[in-house]
Amino acid sequence: MHKVKKLLAEERSIEALYNSRRHFIKDCTLGLGGLALGGFLNSCSTGSPKIPAYITDRSLNPMAPLPAPFLPKVKSVIYLHMVGAPSQLELFDYKPELAKLHNQPCPPSLLDSKKFAFIQGVPNMLGPQATFSREGASGNWVSNHLPHFKKIIDEVAFLKAVHTDQFNHGPAQLLMYTGSPRVGRPSIGSWVTYGLGSENNNLPGFVVLTSGGTPDAGKSVWGSGFLPSVYQGVHCRSKGDPVLYLKDPKGVSRDLKKKVLESINDINFKEYQEFGDPEVLTRINQYEMAYRMQTSVPEVMDIDKEPEAIKEMYGVQPGKEAFANNCLLARKMVEQGVRFVQLYDWGWDSHGASPGEALDSGFLRKCKATDRPIAALILDLKQRGLLDETLIVWGGEFGRTPMWENRLGIQNSPGRDHQGDAFTMWMAGGGIKKGAVHGKTDLIGYSGVEGRVSVHDIQATILHLLGFHHEQFTYDFQGRPFRLTDVSGNVINEILA
Amino acid sequence: MRKEVKILTGLGGILTFGIILFYILKTNPKVDFSSEVKPILNKHCISCHGGVKKNAGFSVLFESEAKGITQSEKPAIIPFNASQSELIKRLHHSDPEMRMPYQKPALSEEEIKTLTQWIDQGADWGTHWAYLPVEKTPPPTVASVYREKKFLSSPLDHFIAARMEEKELLPNQEAPKNIIARRLAFDITGLPPNPDLYNAFATGRISYENYVDSLFIESSYGEKWASWWLDLARYADTMGFEKDPGRTIWQYRDWVIKAFNRDLPYDQFTIEQLAGDLLPNPSVEQLIATAFHRNTMNNDEGGTDDEEFRVAAVIDRVNTTFDVWQSTTMSCVQCHSHPYDPFRHKEYYQLMAFFNNTRDEDITDDTPNLMNHSAKDRQKIEGILDWVSTHSDTSTHKYFKDFILFKEPKYPSHHFEVIKNGFVSGPTMGLRKGGAAFMKNVKSLGRQKLYLKLVGHTNRSTLVFRKDSLNGKILGTFKISKQGKNFYKDRQGQFITHIDFSREEDPFDLYVELETQDLETKKEHFKLHWFAFLPDLPGKGMPGYADVNKSLVEVLDVKGDLTPIMVENPDHMKRQTHVFNRGNWRVKEEEVQTGVPQILNAWDQQLEKNRLGFAKWLVDQENPLTARTLVNRVWYQIFGKGLVSTVEDMGTMADPPSHPALLDWLSYELMHSMNWSLKTLIKTILMSSTYRQSSYTSREKLAVDPNNIFYSRAPRLRLTAEEIRDQALFVSGLLSDKMYGPGVMPPQPDGIWEHAYLGNLWKTSKGEDKYRRGIYTYLKRTSPYPSLMAFDAGSREVCLVRRSPTNTPLQALVTMNDPVYLEAAMQFAKTHRNKEAKVAISDMYQKATLRVPEEDKLKSLLTLYEEAKKTFEEDPQQLDDFFGLQQIIDINTASLALIANAIMNLDEFLTHA
């Protein structure tokens, strides 16, 4: 009897809350309530009613923020992926010895028991298609294709000997983002939002921005695998609705939509009272979030309102799908508490088989389109005091050969085949040792000779900076605990501040 | 005297021992290995002493290892002697370097006590429940209160009531007719009931059972349940990697729908999908069934190693087979023995040997493909095959039949190696001026017709085939002609032709050289896809031979829909299977033969040692997992959770069954009295009182049993992605009942399918194809239909055992704003617009939910209607292109459409109560 009374009391308190919240919604002139039902229920400091144990933050809102298990260095991540694998030999890994071998046949010892995607027979070597200089106080090397990068070179820690065992785009991208070269595992952004939730209820917690096309591995690289699908990346698009179905239908004003929503939630609450299923409360909450997202997402996606100086700094191209725009959007999003912003820029597969993918043509266009916005992103985050709480990661899915690709037995424009043994990535931001260089490749940039790090090491390091121990951050599926780094991975302490 | 003493002492000893034993047994009830010991070992020990690592030479995975000699040359477990057993000593050890688990928290006293007692009692090993045979299980007797409550309408209810009784729970009342009618219709057909049938049931004209039976004979039953199976089968309309090109495999989807509708028994359903091609003289339908395992991804990204992705596909088949039929995570065993369950590393590869002998080799055109011949061609084929039968033996008949239907066995071009001036690229080999290539170890078995599939780019060149070297004996020559289209322009645009070939009984290396008058050096003269050998048509010289031969040439080069199927290698092309070192396919270890895991049912020596035998082994009544898995999964479809809650896994890490006896009762009956009939199984569940309860959730029950493990109420489940879409179209009257055929492309936002270099390929369907059931929606793996994805449908790249239902803002955006739902809302409104507003709203609500709206709900909607109306009256411009439907809409209809849109977003519409 006593128990029943208590339950009834709880029932009433939820109802009272609901009514007061409705009142709040109705009085709110800025659209629907600024607080989610979950947040409201739990943030009430005065006269806090008892919340039944089965209603948790996470049951009302699967994106509710959770504290990191260890002290985090950063709150959010911006991951810049150059899809197709940019050539380390034309950007950061300076190899004067390779220039001497230019257009000479490749020594057979380099081809022994090696498998290539396209190289057939004995290719020639290809010298660096760039000039290099030491820049910044760190004196680190950078190529002439990245003039703006000089400004931020001292913010960056280089990994010069990253390696992967995958040399086809799709599987290599999957490995980079899900820890496995085969489809089915959650992506890193999904892991992170599952573990930490999002600080902003009105925006997706894990946003994906693309320019030039989608990655070869498709949406799996931001998929949620066996985690609940709510944690998959939300692809915010530059054309059409930024988030699918975001726009109200024609003829339905915001005001009218609000009334529709009130009616839906009103009836749903009655349904809750009738059937007692807490899932209905979750639905009410989700509908409110959807309503708020309808205004907050277009707002955050709108770069027109940014000051001219900022637009100039990034080199944005309003109305187009451009990497520069995406960099600016990434800044706006982390500023508003989005947890993980993933950028994919397509078109770095510099085989040389056609001008669009040649190192003396298409590749230069890609450098130009990304150099300025990347520098701007870091400087902009810095001037806003956000760089210390954001991690920026730059890289591709693998590297490129010091050999000149000879697809179908023919040497075309300067281009390089896929290579997994050594490539460059860099990180900047919170917790990163500024100006550090870790890892070294051989004289021609073919293999790592010092400080080799794996894809799982990269992932372990990102998770570490977010406050996770990658071996302990697991999810049980099919009777066993899975983790992003599968069965390996070490935090790369050499680049940590 | 001394002897007597000895005997007495001996007797005394035995007696004492007996007393002690009695004492032990009496005070310490026997510790159960599976339920008490194994969980402790799994939790604390097995990650270092199991299938992955075997530190200090000690493992607790298998009994022989656990009790065997370790690196210290002693066993760690000495039965009946815990105090001398190293395992126990180490748990107590004071030196932290010695104390186990190493560098982890110590075991609790309770846990140590359990292990100690277990060893003292003899350390009997046990078998995990799921690996024990399914036994006949009588329903338990339960308290009379359940009978009084009329809860015991099926033996099933006895099992449920027995567990409720333990928890002092009482069942809910039976759900009202409208609620149960909608629930049944969704669970059987995935749609709301058709109005006539519903009325017949609601007014009592037909019984509950008649209503259920009527739903089962609807063909929508097959469509509903096929959605579930297609998740397991990872069915999709594209190949999956990179460009993710299309694949025509929809005939498999249609096969599944038809199989469910004709209630093909699950054992046969299994055999046909896993090994239909190996059945004696298989029908076309049985060949299509084997496409189950051709749903694996195919990688045609440039520069990929076909063998690597063929291996990946074979591995996926092993893993999927065990995911689908055995609730066993065999994927764990690729690299090492299973971390927790008793499966050995080698056993994985013995299983793989069953699947490793098919003709598919990750070739871009998905070959082998079954040609969907026209009726006319089928007649021709019958004529040819009759002729072959008359003039030859059965093996020749099979050879011709296989080659006509699916062009196997053949040698695909990717096995060529270029000697000079040529290339092997994707599915083709091509040569330039002076070019040459070879393929090793070709077997023509004396057959003298060489078939080629190619595209020719010149009329001035000849291909010369030689034996064993570029100077070897000429085996045949082929004059190239300008004919056919490149593969990437037209999948079937190449042509098939044949030449005479030298009679070669022994294997040879085939050398090909291009001879040409052309001076151009960079031009490729042809692209060859494959070659194959065929015997001469038998019956040469008999009347009619010429006609039959002509038909043969014709049917071999017809174009049409292709379905990838499984085809076994003939003996002369058989593959070997090796253990892969740590799962790495490039590092092969010992060769293995086909075999099944020791822990499961024994292999009957009568069985064929191939996929067919394997499939029969899988559906043998002795197999402990097949029936249990199916029962658990079907239960999950109906109740939203499994009797074993980890529906993917029944291994030792799985949650124990909530109702073990019920699981076994259903599994046993499924195999024996139900003869593997899925309809009977589903019906048995739907006829139970357990199912028929109301889903009302009282606070008390929520407190006692928040997750409804004891089924004292019915679940309230959100509809599936397909059901939500289909229902919106159904209630608005838009839903097409057209069945089967290629995937359709209902409207989706622009730019979803934009590929970096292939452009937007989504061509919105026209006419009724826009309104087909969700199961017919074209599924592109890298870019699945977004509104279905929002509601947790899978992208079908790999086997999906369960969709985890989520509740997100993106779902709200779909049902509120997706033009598909707006059109449905408008159509729904139009069918009610001639009524008075309140009646119209009430009718729409009823049509949508089968419930009469309570007054306050109706009032809420009516208020919304009035407000909408007012808004539109004040600002009629809002109605220009209302909902973006390019129609002229009046104020009343627009306002009703808004109500319809609201109704389609109600929780009671999106769930079934």
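A crossing of two helices is called right-handed if the near helix is turned clockwise from the far one by less than a right angle, and left-handed if it is turned anticlockwise. That convention is needed for chain B of the model shown above, which is a predicted one, because α17(B) passes α18(B) in a right-handed crossing.

The confidence of the prediction may be considered before the details. For the complex, the predictor reports an ipTM of 0.88 together with a pTM of 0.87. Chain B has a mean pLDDT of 92, with 96% of its residues at 70 or more. For chain A the mean pLDDT is 87, and 89% of the residues reach 70 or more. Two stretches of chain A call for caution. Where pLDDT is low, the predicted coordinates should not be read in detail.

The contact between the two chains draws on 68 residues from chain A and 80 residues from chain B. On the side of chain A that touches chain B, at least two residues come from each of α1 (2-27), α5 (169-178), α7 (254-275) and α8 (278-301). Of these helices, α7(A) gives the most, with eleven residues. The class composition of this side of chain A is 26 nonpolar, 22 polar and 20 charged residues.

From α7(A), the contact is made by L261(A), I264(A), N265(A), N268(A), F269(A), E271(A) and Y272(A), while α8(A) contributes V280(A), L281(A), R283(A), I284(A), Y287(A) and Y291(A). By class, nine residues of this contact are nonpolar, two are polar and two are charged.

Attention may now turn to chain B. Its assigned domains are domain 1 (31-126), domain 2 (410-542 + 550-559) and domain 3 (817-912). Between the C-alpha centres of domain 1 of chain B and domain 2 of chain B there is a distance of 64 Å.

Within domain 1 of chain B, whose bounds are 31-126, A56(B) has a backbone feature to note: a positive phi of about 55 degrees, although this residue is not a glycine. A56(B) belongs to the loop that joins α2 (33-45) and α3 (63-66) of chain B.

Further along chain B, helix α11 (residues 220-232) and helix α12 (residues 250-261) have axes that come within 8 Å and cross at roughly 125 degrees. α11(B) and α12(B) are therefore oblique to each other, and α11(B) passes α12(B) in a right-handed crossing. On the side of α11(B), the residues in contact are Y221(B), G222(B), E223(B), W225(B), A226(B), W229(B) and L230(B); they meet R253(B), V256(B), I257(B), K258(B), F260(B) and N261(B) of α12(B). This contact of α11(B) with α12(B) comprises eight nonpolar, two polar and three charged residues.

The peptide bond from T367(B) to P368(B) is cis, with omega near 0 degrees. P368(B) is placed in the loop between α16 (345-355) and β1 (369-371) of chain B.

The helix pair with which this account opened can now be described. The axes of helix α17 (residues 375-391) and helix α18 (residues 394-406) of chain B come within 9 Å and cross at roughly 160 degrees. α17(B) and α18(B) are therefore roughly antiparallel to each other. In their contact, I381(B), I384(B), L385(B), V388(B) and S389(B) of α17(B) meet T396(B), H397(B), F400(B), K401(B) and I404(B) of α18(B). Six of the residues in this contact are nonpolar, three are polar and one is charged.

A cis peptide bond also runs from E408(B) to P409(B), again with omega near 0 degrees. The position of P409(B) is in the loop between α18 and β2 (411-412) of chain B.

Conventions. Residues are numbered from 1 along each chain as its sequence is written. Chains are lettered from A and ligands numbered from 1 in the order in which they are written. This is a predicted model: local features need pLDDT of at least 70, side-chain atom pairs count only at pLDDT 80 or more; totals for chains, interfaces and linings use all residues. Two residues are in contact if their C-beta atoms, placed from the backbone, lie within 7 Å. Helices (H or I, at least four residues) and strands (E, at least two) are DSSP runs, numbered from the N terminus. Ala, Val, Leu, Ile, Met, Phe, Trp, Tyr, Cys and Pro count as nonpolar, Asp, Glu, Lys and Arg as charged, and the others, Gly among them, as polar. pLDDT is the predictor's confidence in each residue, from 0 to 100. Axes are lines fitted to C-alpha atoms, for helices over the stretch in contact, and angles run from 0 to 180 degrees between N-to-C directions. Angles under 35 degrees count as roughly parallel, over 145 as roughly antiparallel, 65 to 115 as roughly perpendicular and the rest as oblique. Domain bounds come from an automatic or database domain assignment.
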